[in-house]
Amino acid sequence: MNFQYKLTKLSTAVCLLAGVVASAHAADEIVIGASIPLSGPLAGFGMYQKWGYETAVKDQNKAGGILVDGKKIPVRLVIRDDKTDPNVTAGNTESLLSRDNAIALLGSCTPALVNAGALVAERRKVPIVAGCDPLGAFRSVRKWNYAWVMFFDEGDLATAPFRMMSDYGISTNKKVAILADNGPDGAVVGGKIWPETAKGGGYTVEQNTSFPTDTQQFTSMVAQAKSTGADVVLVDAIPPQAIAMRKQMASAGFSPKVLVMEKGAEPEFFAQATGKLADGVLVGGYWDPSFPYPGAADLAKRFESDTKQTQSQHIADSHAAAQVLMDAIAAAGTLDREKINAAIAKTNKNYVIGPVKFDATNTSAIPITLMQWQSGKAVVVWPKDRANGKLLFPLPEAK
Amino acid sequence: MSLPNFEVIAGSLASGLLLGGSLSLIALGLSISLGVMRLVNLAHGELLVCGAYLSYFLLNYLGIDPILGLPLVGAMVAVIALPFHRLLIAPLAGKGMEAPMMTMFGFSIILQNLMLLSFSADTRTIEASYATQPLAMGPVTVPKIYLIGFFVSVALVWCVHMVVSRTAFGRELRASSGDPGAAATLGVDVRRVHAITFSMGAACAAMGGILIGTAFSFTPSTGATYLLISFAIVVLGGVGNIFGTLVAGIAMGVLQSVGAVILGDGYRDLVGLILFLLALALRPGGIVSGRA
Amino acid sequence: MLHAAYEPTNDPEVIDMIQKNVSRILVPSLLMALAIASQGFSDYALEIGFRLLVMITLAEAWNLLAGYGGLVSLGTASFVGIGAYALTGLVNKAHCPLYLAIPAAGLAASLLALLVSRAVFRLRGLYFTVGTLALAEALRMFMVNYDGFGGASGLFLAEDPPSLYVLFCIALVLMAFTTLVMSIATASRFSILLRSVRDDEDAAAQIGVRAFRIKLIAFVVASFLMGMAGALQGLKVGTVEPYGMFGIQWTVSVLSIVIIGGQGLRWGPIVGALFVIALGELLADYPALHLAITGLILIVVIRFAPKGLVGLASAMSAKKQGAVT
């Protein structure tokens with residue numbers, strides 16, 4: 001028999017068979033799906049998100065699950081790795097809905113990934129709750145109906161260093177150098193808000209350089225920053241770049257008085273990789289176990305005993321996001337997506353991340369604080385009423 | 001866009017020149033594989049990162065300084081590379097250039113993902129006190145590690161040159177790359193020559209990787225960028241031409257810095273690639289004439 | 001009598017019979033059946049089916065270039081990316097309807113191929129391969145740095161994409177078109193000319209084959225198909241940015257699929273795509289492991305089954321029939 005004919009028959013049979021295979025339907029489970037970066041450059045964030053989501057679901061199931069249609073049904077969390085690739089986030093989100101029959105979704109991290117997943121959810125009219133996505137970048141995509149984000153606002157974040165400097169009366173030569181990546185929030189923070197706030201506060205922007213997120217060498221821009229003699233250096237870059245840049249600043253003998261490294265200086269491995277060079281680096285934060293929110297300190301302790309690693313603020317926004325979603329399902333009392341979505345809109349409660357209440361743009365803002373690495377620990381240094389340590393100023397000179 | 005002042009430009013160019021030395025060492029491994037074995041080693045970048053990881057762990061667990069431990073890592077990688085050559089490349093001898101190239105491609109995918117599985121995607125950097133210190137040479141400031149890297153690289157390139165031009169093995173190597181058939185009839189064990197060449201290439205990549213890991217940072221996927229830059233340098237310098245590779249590497253470093261000064265650091269790699277494409281278009285045989 | 005013909009022959013009678021039976025009757029009717037039946041498919045099946053169809057299109061195109069033409073290009077990602085961005089631009093700025101926008105995006109990709117062809121075809125063998133890789137990476141870096149096309153943030157599709165079922169059908173049409181193109185290309189004189197250029201370009205030129213023109217046709221056709229596939233992918237995701245659309249993962253997947261399936265063979269891309277995507281779904285929760293295993297299979301196939309799975313299967317089937325190969 002003709003080989004080609006055989007193969008045609010076989011392939012078509014396989015296709016048709018595959019098409020009719022229906023996935024297993026467990027009617028006695030509430031499936032929540034999440035596609036997060038467990039590999040790739042953002043794997044550090046993904047790890048915290050995974051723990052936050054899983055722990056919230058575990059706790060809910062300890063209480064027997066969620067009360068829906070009169071019955072207590074356990075929650076099943078399905079997590080997919082999107083390898084820090086928005087195409088994969090979109091694909092994962094689709095298959096979480098079609099293969100795993102997720103009722104609702106939890107978001108990924110950083111605008112590109114969250115947007116990719118949220119766009120799919122929005123089209124399919126499935127509620128999705130996310131942290132880890134600055135609000136300005138989220139709002140600028142479109143008018144959302146089914147996607148909800150609780151995080152900080154870039155404007156808040158960007159103005160924080162300036163507000164801190166004026167609060168504490170820090171004296172500098174008022175010269176600012178800005179080095180930001182050209183991703184969505186880097187462009188907004190570095191391209192617009194920082195220069196505007198600087199000018200408004202009487203600072204002069206001596207340099208404003210933008211670069212792509214896969215740059216490894218910063219010698220030129222660092223040398224230029226050094227030559228401007230700026231006392232205040234504001235950086236917005238992801239962790240691999242922040243680490244390289246900090247090292248290269250030291251190699252160039254450049255030591256400004258105030259060094260802010262947004263995004264990049266957040267995870268613990270930044271401090272691990274840069275060692276003493278991390279001391280004095282400021283980064284915007286929105287949570288610390290010492291904050292007066294329900295369960296904050298306990299959450300950190302649980303994380304550290306579970307994973308033997310230092311806590312990060314990302315466990316809080318992910319834990320809270322999962323709780324917000326599950327509370328909405330409980331409030332709706334049904335698995336109807338429209339009713340769940342309506343319940344999310346009515347959220348108004350204090351979670352481990354702080355008060356959560358969504359406004360007309362489907363966002364809930366978390367206030368910003370400034371943290372500073374000191375001897376390998378992240379210390380909250382501003383605002384005064386949240387601080388649990390003293391500000392180190394100026395930046396210690398590298399030996 | 002206003003050009004920065006003289007000190008910045010001079011510093012950038014000097015740094016570029018010094019960094020170019022390290023780039024030459026990395027490219028050298030690719031050049032000798034290509035020149036002697038006609039092997040397009042697409043796993044070159046991953047071998048570089050392996051060297052960085054090896055040095056990182058030697059430093060963190062045994063306290064061995066990365067620069068002092070450079071020969072050790074080179075030797076280790078060379079030894080580890082031998083069985084892989086026997087397993088992957090030797091059986092494909094005589095089957096054209098595409099099969100070994102694709103095999104190395106598959107090997108690079110495996111290596112990258114094994115490193116990802118074992119070491120996670122966390123960015124690492126090799127810590128050394130001299131890695132973050134500046135060195136002022138008159139009006140110009142360069143990172144100290146660049147200077148160290150430059151001297152180490154030039155020394156190693158010179159060593160390879162000595163091996164190739166003065167030793168008996170070197171003679172066999174040159175015979176095999178010129179005409180393997182004729183060399184075999186003269187009693188040269190071409191397979192052994194290829195195996196050792198492959199090891200040397202891997203060792204060069206690994207040692208270059210240590211310099212990169214100390215000056216900057218690395219993750220399992222850092223290799224890809226250096227693969228392309230290495231190709232660019234190899235083509236610019238002439239395949240198999242050791243001195244040419246050194247000159248081309250340094251030139252590449254300088255030209256990348258020029259691009260960075262004028263257009264911005266983000267354009268560094270793009271400048272390198274454009275130079276590569278120009279070199280390919282104008283003179284696939286290389287710009288520096290003469291063979292090693 | 002139909003023999004185990006998976007490579008075209010010169011015999012016009014056999015070519016005629018093959019074309020008549022397979023291309024004209026069997027395949028279109030099967031595709032029609034699939035299109036109708038897929039209305040009842042679950043969303044998951046449509047999702048996987050879409051991915052499969054797009055990959056098959058890309059793999060067929062690359063097979064034409066590399067398998068039949070010997071032009072091992074590592075620049076697949078450029079054409080996919082151009083197609084995706086072109087579609088987004090056409091829909092956003094010109095409100096172009098899809099049946100025009102997708103082919104237009106394919107033409108945009110062909111335009112790129114045309115522009116670089118003169119420079120790129122001067123390179124032979126490994127220089128060609130590395131040159132295409134360098135071009136693809138250079139284009140990606142340019143798109144990341146240049147703000148005119150959205151820079152690193154990319155562009156968003158202004159209109160909502162059609163439903164998953166419609167997208168699946170469009171993908172089906174694209175794959176059918178690709179199969180038709182490939183059938184014509186591989187069963188005609190063109191394929192003989194192409195393979196002669198692949199096997200020995202100088203000798204072919206000596207006997208009067210216009211090598212440059214042949215290579216150009218293959219390149220333009222392949223890039224046209226790749227551009228349309230990229231456009232479809234961009235349409236589905238609704239947002240395009242350089243790392244996702246110009247990233248090397250496209251090149252890696254397509255290359256793996258064709259080599260594992262069997263390059264230069266008619267059924268290689270389809271079998272390869274089925275295999276790789278099935279493997280991907282099985283190992284969906286272990287992406288690093290999935291890639292490592294794909295690399296391993298690639299190496300094993302090159303070493304032990306250079307004609308891929310299809311070559312292996314047909315060799316075994318020929319042995320079973322006792323045919324003398």
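In which helix of chain A is the place of Ser251(A)? In this predicted model, Ser251(A) sits in helix H9, which covers residues 239–251 of chain A. The relative accessibility of Ser251(A) is 3%, under the 20% limit, and the residue therefore counts as buried. Apart from neighbours within four places in sequence, the residues in contact with Ser251(A) are Ala131(B), Thr132(B), Gln133(B), Pro134(B), Val142(B) and Pro143(B). A polar atom of the Ser251(A) side chain lies 3.1 Å from the backbone oxygen of Ala131(B).

Ser305(A) has a relative accessible area of 46% and is partly exposed. Its side chain reaches the backbone oxygen of Arg302(A) at 3.2 Å.

The fold of chain A comprises 13 helices and 17 strands. For its 399 residues the globule rule gives a radius of gyration of 21 Å; the value for chain A is 23 Å, close to that figure, so the chain is as compact as a globular protein of that length. Along the principal axes, the C-alpha atoms of chain A fill a box of roughly 75 × 60 × 40 Å. Of the 399 residues in chain A, 62% are buried. Among contacts in chain A with a separation of 6 or more, 68% are between residues 24 or more positions apart.

Chain B contains 11 helices and 2 strands. Read from the N terminus, the order of its elements is α-α-α-α-β-β-α-α-α-α-α-α-α. The radius of gyration of chain B is 19 Å, close to the 19 Å given by the globule rule for 292 residues, so chain B is as compact as a globular protein of that length. Its C-alpha atoms fill a box of roughly 60 × 45 × 35 Å, again taken along the principal axes. Buried residues account for 61% of the 292 residues of chain B. Of the contacts in chain B with a separation of 6 or more, 77% come from residues 24 or more positions apart.

The contact between chain B and chain C was examined next. The size of an interface is often given as the accessible area lost when the parts come together. Chain B and chain C bury about 3,000 Å² between them, and 81% of this area is on carbon and sulfur atoms. Chain B contributes 34 residues to the contact and chain C contributes 31 residues. The count of salt bridges between the two chains is 0, and 1 residue pair is in polar contact, with both residues at pLDDT 80 or more. On the side of chain B that touches chain C, the elements giving two or more residues are helix H3 (70–89), helix H4 (98–119), helix H9 (223–237) and helix H11 (268–282) of chain B. The largest share of this side, 13 residues, comes from H4(B). By class, the chain B side consists of 28 nonpolar, 4 polar and 2 charged residues.

Over all chains, the count comes to 25 salt bridges. One of them joins Arg124(A) and Glu94(A), whose closest N and O atoms are 2.7 Å apart. This pair links distant parts of the chain: Arg124(A) belongs to helix H4 (residues 111–124) of chain A and Glu94(A) to helix H3 (residues 86–98) of chain A, 30 residues apart. Arg124(A) is partly exposed at 26% relative accessibility, whereas Glu94(A), at 4%, is buried.

Helix H4 of chain A also holds Glu122(A), whose side chain meets that of Arg142(A) in a salt bridge with an N to O distance of 3.8 Å. Arg142(A) lies in the loop between helix H5 (135–139) and strand S7 (147–151) of chain A, and the two partners are 20 residues apart. With a relative accessibility of 6%, Glu122(A) counts as buried; Arg142(A), at 31%, counts as partly exposed.

In chain C, the side chains of Arg198(C) and Asp199(C) meet in a salt bridge at 3.2 Å, N to O. Arg198(C) has a relative accessible area of 33% and is partly exposed, while Asp199(C), with 57%, is exposed. Salt bridges that share partners also join Glu94(A), Arg124(A), Glu47(C) and Lys236(C) into one network.

Conventions:
Residues are numbered from 1 along each chain as its sequence is written. Chains are lettered from A and ligands numbered from 1 in the order in which they are written. This is a predicted model: local features need pLDDT of at least 70, side-chain atom pairs count only at pLDDT 80 or more; totals for chains, interfaces and linings use all residues. Side-chain values use heavy atoms; hydrogens and water are left out. Contact means heavy atoms within 4.5 Å. Buried area is the accessible area (1.4 Å probe) that two parts lose on being put together, summed over both. A salt bridge is a side-chain nitrogen of Lys or Arg within 4 Å of a carboxyl oxygen of Asp or Glu. A polar contact is a pair of N or O atoms within 3.5 Å; within protein, one must be able to donate a hydrogen and the other to accept it, and residues adjacent in sequence count only if both atoms are side-chain atoms. Helices (H or I, at least four residues) and strands (E, at least two) are DSSP runs, numbered from the N terminus. Ala, Val, Leu, Ile, Met, Phe, Trp, Tyr, Cys and Pro count as nonpolar, Asp, Glu, Lys and Arg as charged, and the others, Gly among them, as polar. The radius of gyration is taken over C-alpha atoms; the globule rule is 2.2 Å times the number of residues to the power 0.38. Buried means under 20% relative accessible area, exposed over 50%, partly exposed in between (1.4 Å probe, protein chains only).
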